[in-house]
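Take a look at the sequence and the model below. We will start from one residue and then step back to the whole protein.

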Amino acid sequence: MEHQTKLQPECVFHYFAEVCKIPRPSKKEEKMIAFLKDFGEKHGLETKVDKAGNVLIKKPATPGFENRKTVILQSHIDMVCEKNKETRHDFEKDPIETYVDGEWLRAKGTTLGADNGIGVATELAILAADDVKHGPIECLFTVDEETGLTGAFALEKGFMDGDILLNLDSEDEGELFIGCAGGVRTLVEFDYQPVTVPADFFCFRLAVEGLTGGHSGDDINKMRANANKLLGRFLYQTNRKYDFYLLDIDGGNLHNAIPREAHALCAIPMEHKEDIRVDWNIFAAEVEEEYAATEKNMKFKLDSETYHAEAIERQVVTRFLAAVQGVFNGVFAMSQDIPGLVETSSNLASIKVRDHKVIVTSSQRSSILSARKNVADSIQSVFELAGARVDVGEGYPGWKPNTQSEILQIAVDTYKELFGVEPKVKAIHAGLECGLFLEKYPSLDMVSFGPTLRGVHSPDERMLIPTVDKFWRHLLAVLQRIPLKA
């Protein structure tokens, strides 16, 4: 990590640099789990790992704090692995390369992994410290938060014993989160039989690139373009206008990221070779105007291709493109209780072609279970009308806000004392693991906070360096104010 010695607090940034060295894609966190086990053992701390790979490291209270309630500090160890197209990086082998850009810490062409590596680093700094006052602490490190919350789902009753849980996975310093949305994933499959493209047809590749993307929870209300919706929109128009073949389509990757890129391999009669270029240029100009405020770097490319013989069955293409054009994407409803909070949304996350199937993945979120079911039903109905198979997952629960929370009041009071301003108390549209923890530990008192991150789940991910110190100071103050056991 460049300029590491200049970054404060030094102990937190030291461990963040260590975390960045360790590959930790979702579902492939073995190296991080081994690191945590070794860390716990080296520091003489009780360490255990459950069947899912969740790690718990316990640290006894410092002298004079033995009778305080036990606090669980919690972060997830996996990270979203996204990179720019031109970046050469193997997330299963290569460390994250970071650099300082003014007041921000960034990564070179990849996601930074501060979501939630900075939480992990903060826990490690607490565990290693000999000058931090605190009661009994349990540091919980969960696996696979980003692609299914499977670590939190698999957490067994009795694995931890704390009374209070501080989730360190929020992204706005000065804001305390006391609620989150639940979510569900919808998987769609169109079966098709291959057909042959006429030999005299013009083959070409379309690309929509350079979109802002972002987190499908936090950023869904920021009016950013969805690459799958944009490309699908043009293909829908093209299919209605020409004798059209779709040979391949690939857009987006992760269910919880707004897709930044989408590509399609197509064919039309050679006589319309110039017409399609004109159509594409007009479409690009229109879309650039529509998204002038939020998409400054979008690119539209059309490149000639050599002849490809095999295409997707044309009736299936017509039904698939109609569904992509018609299916809802974006903010479905705003909260009636909390001003400015997105209540319900849907993200058309990825489109892939594999094994004679067109596979579409979307995710739906809501802080209200019935509303989440409604939007998922809406998505399902469109694709079923188009003849696809649709599977809606079980989903995960939200976290209902408790404004009377004891730990919330402590967090508010300590923040005001430290910084002279009132923190904002909010709920978040993104999913946090807290809802799942409450299912198994219903008496937990919880709050979530963290330093300021922007552009998470994209290569634009960055962390505002000064907020890490404020977050750290606030956390230490909260730990000193934990109440006595009943």
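Find Glu 289 in helix H6, which covers residues 273–290. This is a predicted model. Is Glu 289 buried or exposed? Its relative accessibility is 65%. Exposed means over 50%, so Glu 289 counts as exposed.

Now look for Arg 473. Along the sequence, 184 residues separate Glu 289 from Arg 473. In space, their C-alpha atoms are 45 Å apart.

Step back to the whole chain. The secondary structure of the protein consists of 11 helices and 25 strands. Helix H6 is one of those helices.

How does the overall size fit? The C-alpha atoms fill a box of roughly 85 × 45 × 45 Å along the principal axes. The radius of gyration is 24 Å. A compact globule of 486 residues would have a value near 23 Å, so the protein agrees with that expectation.

Next, consider which residues touch. Take the contacts between residues at least 6 apart in sequence. Of these, 79% join residues at least 24 apart.

What share of the residues is buried? Of the 486 residues, 58% count as buried. Glu 289 is exposed instead.

The protein exposes about 20,300 Å². Carbon and sulfur atoms supply 48% of that area.

Finally, check the charges. The protein has 56 positive and 75 negative charges.

Terms used: Residues are numbered from 1 along each chain as its sequence is written. This is a predicted model: local features need pLDDT of at least 70, side-chain atom pairs count only at pLDDT 80 or more; totals for chains, interfaces and linings use all residues. Side-chain values use heavy atoms; hydrogens and water are left out. Helices (H or I, at least four residues) and strands (E, at least two) are DSSP runs, numbered from the N terminus. The radius of gyration is taken over C-alpha atoms; the globule rule is 2.2 Å times the number of residues to the power 0.38. Buried means under 20% relative accessible area, exposed over 50%, partly exposed in between (1.4 Å probe, protein chains only). Contact means heavy atoms within 4.5 Å. Accessible areas come from the Shrake-Rupley method with a 1.4 Å probe; for residues, only the protein chains shown count as cover. Lys and Arg count as positive and Asp and Glu as negative; His and the chain ends are not counted. The place of a charge is taken as NZ of Lys, CZ of Arg, CG of Asp or CD of Glu.
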